[in-house]
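Here is a short note to read beside the model. Keep the structure open and find each residue as it comes up.

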Amino acid sequence: HLNLADECNAAIYGAKVATKLAVPQVKAFSINEMLRELWFSWRDEAEQQGIDAFLMWPPGNPPLHVAGDPMLIGRVVRNLILNAIMYAGKGSNILFSVRKRKTHALVQVWNSGAGIPGYDSRDGEANFAAFAQQMLEEGQRRGDGHGLGIDNVKHLSIALGLRMTMQSRVGVGTVFGFRIPLAEYRLMAYT
């Protein structure tokens with residue numbers, strides 16, 4: 001976990017990027033290593049909730065280097081992990097995965113929780129947009145802050161050019177994901 005000062009600085013920086021007061025600091029980094037670090041930092045908390053957390057990428061494949069702002073991408077993934085832990089439920093599983101897709105890496109956070117009714121459409125982007133709006137409205141109505149993490153993910157993903165997706169099936173679980181450009185393709189555009 002980040003310490004409180006780092007968390008506050010990351011939140012302020014994320015808000016500045018989301019409102020276009022700052023520019024994302026795009027560089028190449030290993031998405032595999034980031035997911036590994038996040039898995040290690042959240043695995044114990046998941047297990048305390050009775051949830052098993054797994055990390056998956058194809059064995060024998062080299063690490064995928066992506067182009068993006070590592071602090072903000074980490075913030076997006078952290079929020080997705082927290083959401084998965086919060087809603088998966090005891091006895092569920094959470095899976096962090098990354099897979100290569102031509103010019104992008106597909107990053108996903110899966111949970112085998114109860115699932116969310118109404119989000120089983122194949123249009124993952126529309127599902128995510130509707131879910132983010134629903135969560136924010138419910139959090140505002142209750143006044144408990146729930147939904148702010150997903151709203152933060154929505155704003156950061158827009159600022160970073162990530163296409164967030166979400167699909168859920170009742171009784172099966174939920175998956176959130178995004179594609180991020182591989183460094184070899186994204187950074188070529190800047191040279």
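1. Start just after helix 2, where Gly50 takes a positive phi of about 80 degrees. Helices (H or I, at least four residues) and strands (E, at least two) are DSSP runs, numbered from the N terminus.

2. A word on the source. This is a predicted model, in which local features need pLDDT of at least 70 and side-chain atom pairs count only at pLDDT 80 or more, while totals for chains, interfaces and linings use all residues. Residues are numbered from 1 along each chain as its sequence is written, and side-chain values use heavy atoms, with hydrogens and water left out.

3. Now helix 2 itself. It covers residues 31–48, 18 residues in total. From first C-alpha to last it reaches 26 Å, close to the expected 26 Å. That expected span is 1.5 Å times one less than the number of residues.

4. Where is the kink in helix 2 centred? It is centred on Trp42, and the kink is about 40 degrees. The bend at a residue is the angle between axes fitted to the seven residues ending there and the seven starting there.

5. Trp42 is also one of the buried residues of helix 2, along with Ile31, Asn32, Met34, Leu35, Leu38, Trp39 and Ala46. Buried means under 20% relative accessible area, exposed over 50%, partly exposed in between (1.4 Å probe, protein chains only). These buried residues pack against several elements, including strand 1 (27–30), helix 3 (70–88) and strand 5 (104–111). Contact means heavy atoms within 4.5 Å.

6. Look at Ile180. Leaving aside neighbours within four places in sequence, its contacts include Phe29, Val66, Ile73 and Leu162.

7. Asn79 lies in helix 3 and counts as buried at 14% relative accessibility. Not counting residues up to four places away in sequence, Asn79 touches Gly149, Asn152 and Val153.

8. Last, Ser92, in the loop between helix 3 and strand 4. Ser92 is buried, with a relative accessible area of 6%. Beyond its neighbours within four places in sequence, Ser92 is in contact with Gly50, Ile51, Asp52, Ser112 and Gly113.
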